[in-house]
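Good morning, and thank you for coming. Please look at the structure on the screen while I take you through one part of it and then step back.

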Amino acid sequence: MDVRPGSVRLQLPARSVDPTRIVVGTLCALLVLIVAALVAATPGTGPTEVWVMVLAAGVFVGAGLVAWARRPHNRCGLLMIGTGLAFAVAGLQGVPVAALDTLGLLVETVPLALTLHLLMAYPSGRLGSSSARAVVAAGYVVAVVLQLPRILFAGGGSPLLESASTVLQAVAGVSVLVAATVLLQRRARAAPPAVRRAIGPLRWYGPVALAVAAAGAVAADVLTRDPWPVVAAWLQVAALAGLPLAFLAGLTRGSFDRAGEVRELLAGLDRGPVDVDELERLLGDALGDETLRVLYARGPGHVDRAGSPVAPGGAGRGLAAVSIGDDAIGLLEYDSTLVADTELVDEVARVAALAFERFRMTVELRARTAELEEAARAVRGAQRRIVRAADDERRRIARDLHDGAQQRIVALGLQAQQIARRPGDPAAVSHQALELSAGLESLLDELRALVHGVMPAALVDRGLEAAARALAARIPMPVSVTARGLDRRLPDEVESTGYFVVSESLANTVKHARAARCDVTISLTRDLLDVEVRDDGIGGADRDGSGLRGLADRVGALGGRFSVGDAEGGGTVVLAEVPCAS
Amino acid sequence: MRVVIAEDEALLRQGLARLLADEGLEVLAAVADERALLERARSLVPDLVITDIRMPPTQTDEGMRAALTLRRERPDLAVIVLSQFVDAAGALQLVADGADGVGYLLKQRVMNVDRFLEACRLVVARGSIIDPEVVAVMMQRRGDDPIARLTPRQLEVLALMAEGLGNAAIARRLFVTEKAVARHINAILQQLDLPPESDDHRRVRAVLTYLDRR
């Protein structure tokens with residue numbers, strides 16, 4: 001086989017005729033022929049009865065066999081074959097063998113019930129709702145159970161009871177038909193477009209055909225004089241014979257015949273290099289589902305073709321695994337209301353597997369690119385926040401200096417002026433000079449506090465441990481400070497970051513945690529500084545508060561790791577790991 | 001001279017009030033926010049209002065706004081606005097409606113009592129005074145031509161004009177004759193393409209506006 005580079009060629013199993021179907025088809029044909037012979041041999045029957053039976057049975061069985069062959073996993077084909085056979089058996093009415101006659105009478109209206117079943121199950125072959133199942137069951141009850149009185153009274157001279165049971169059956173039958181029609185309309189309205197298109201004409205034609213057929217059956221019982229029975233019989237056949245053809249057309253055309261589409265898909269994959277975006281479109285076309293997504297396995301999760309992580313599935317979404325051998329390489333995510341046949345999806349998934357494998361590299365690259373971009377965005381965000389935090393800090397210092405220190409200096413200057421302008425009163429001068437001196441002292445306190453807030457002297461002069469201890473001593477709650485391995489000074493930015501982790505965490509604990517105590521552990525192991533602040537408060541720290549966010553940014557900027565979490569047994573743990581290779 | 005003082009920092013407010021009272025000024029009221037300032041200045045009809053720019057409630061430019069409001073209501077009221085920092089835009093805002101009887105000074109100027117008292121008397125006498133630091137910043141900012149073509153002496157004269165000094169005062173400050181000052185001023189006005197102004201406070205506004213223009 002000639003395999004061009006960059007293309008995938010797969011062999012679809014040839015469409016061979018299944019021997020089962022040949023056997024079933026032959027048996028059906030035999031049965032119909034036998035019944036036809038029996039009917040023809042019955043005295044008092046003309047060719048009409050034979051032809052009506054053969055036509056009805058033949059059309060249903062034939063269409064059913066084709067549908068079965070084309071859609072082996074869809075029950076509609078079998079239902080059609082069953083309906084055809086029921087027509088054949090019902091034709092046995094009137095043959096001179098008593099048992100066969102009774103059998104024919106028993107199944108007289110079963111074809112109608114089966115047709116109803118078909119109508120409700122179309123196009124997926126499954127009864128979608130409990131109300132649909134109830135209607136179909138009621139149909140069988142009307143067709144079989146309500147038929148029994150007629151068999152019982154057929155021979156015995158009780159025409160009143162017989163006609164009463166006929167009326168009962170007719171009324172029940174009409175009710176079931178009305179209920180089925182209502183359900184069908186409701187389903188058609190609620191269905192996605194593709195299903196609605198498939199239901200399309202059957203939505204009206206189906207119930208009308210059934211009604212005509214049922215009316216024909218009743219008419220045949222009532223109008224016994226020629227030519228009415230023959231007219232009624234032809235009417236029934238004419239009404240019903242169109243149905244299997246309509247079902248077959250619906251099943252093998254449009255969104256429900258996908259065998260051809262899979263061939264198309266193969267042709268598309270074979271035609272030349274398909275890119276990763278086109279693959280999704282091709283697969284979507286093959287399944288008639290525009291919303292189809294191709295998901296690639298990546299690590300424990302999945303990514304879409306753009307490389308973005310996704311959570312597969314959801315309401316109304318079906319999933320089909322794509323694998324090569326035992327290696328699950330991805331998923332097809334499709335609209336499960338649109339794609340009724342899971343076998344088909346699996347087939348498409350099998351066909352797509354090789355192409356999938358080829359695109360995993362592309363998608364992996366896209367995913368990594370997306371991750372890098374995300375990381376870059378996060379870094380930019382952190383940088384911006386760091387810059388803003390620095391600006392805020394400068395603004396705060398400027399305001400403190402303007403509104404605090406500067407004003408006090410002016411006030412003290414005024415006091416000095418007053419002393420200068422009031423000589424001659426030693427007592428007053430001395431008093432004012434003392435006031436001035438006290439004012440200067442408190443100004444110094446203010447400046448010291450300001451400087452401490454910017455960068456504590458203990459940290460600058462004596463390092464992280466001393467600064468943390470000095471800080472802990474000023475906190476109005478028991479705070480233990482444990483330091484390990486801090487036998488050397490660390491780079492300034494590491495020390496200050498460690499200090500701010502401690503100070504911000506302690507401030508949060510005091511403000512929010514309602515804690516009884518707090519433990520600070522600072523340890524240096526080789527080139528990694530670990531800072532842990534653990535309290536026994538109520539936990540639930542606000543990670544996105546500006547304080548903790550700022551810490552995370554700072555630690556992140558130094559290539560470290562920062563986390564805030566609830567401690568086991570309550571409380572909050574703040575952890576920072578800062579690399580400090582110096 | 002009847003004065004109302006507005007300053008939110010208590011120590012400074014009391015110090016200033018006591019100092020001015022000691023120097024024989026009549027301090028009608030010393031208040032701490034914009035609303036009180038407006039109220040008192042309207043009811044007590046002072047000759048002079050001395051106000052801090054930043055005051056409660058927003059700590060932005062309450063004092064400036066109150067000063068402008070009061071001046072609009074009573075153009076003969078003299079005001080001195082005290083600022084914590086150099087803000088040329090603030091100074092321009094103050095002289096925009098007329099520079100006669102207004103002063104814009106850095107707060108620290110109150111520590112030089114004699115100069116401050118002189119400024120008070122100047123604005124009450126319809127003069128104007130702009131802080132030299134503010135003028136210096138504006139001059140620096142306008143480092144382009146045609147200012148760059150002025151001689152150092154002319155630059156000095158221009159700065160003093162901007163501060164609100166009259167010819168005589170400039171002459172005293174620079175130890176030159178008034179005639180020499182007038183000559184410098186003519187040269188400057190010509191170079192900067194400004195109309196000759198005999199009126200000191202209109203000259204202040206023209207010069208400041210010129211310095212502010214880019």
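This is a predicted model: local features need pLDDT of at least 70, side-chain atom pairs count only at pLDDT 80 or more; totals for chains, interfaces and linings use all residues.

Strand S8 of chain A, residues 528-535, runs antiparallel to S10(A), and 7 bridges join them. Strands here are DSSP runs of E with at least two residues, helices are runs of H or I with at least four, and both are numbered from the N terminus; two strands pair if DSSP finds at least two bridges between them. In S10(A), Pro579(A) is the residue opposite Leu528(A).

Residues are numbered from 1 along each chain as its sequence is written, with chains lettered from A and ligands numbered from 1 in the order in which they are written.

S10(A) also pairs with strand S9 of chain A, residues 561-566, in the antiparallel sense over 6 bridges. There, Phe562(A) stands opposite Ala576(A). The hairpin of S9(A) and S10(A) has 5 residues between the strands, and Gly569(A) takes a positive phi near 80°.

Which residues form the covered face of S10(A)? They are Thr572(A), Val574(A), Ala576(A) and Val578(A), whereas Val573(A), Leu575(A), Glu577(A) and Pro579(A) form the uncovered one.

Stepping back, chain A has 19 helices and 10 strands. Finally, the contact with chain B takes 12 residues from chain A and 15 residues from chain B, where contact means C-beta atoms, placed from the backbone, within 7 Å.

Methods. Two residues are in contact if their C-beta atoms, placed from the backbone, lie within 7 Å. A residue is buried if 20 or more other C-beta atoms lie within 10 Å of its own, exposed if 12 or fewer, and partly exposed in between; C-beta atoms are placed from the backbone.
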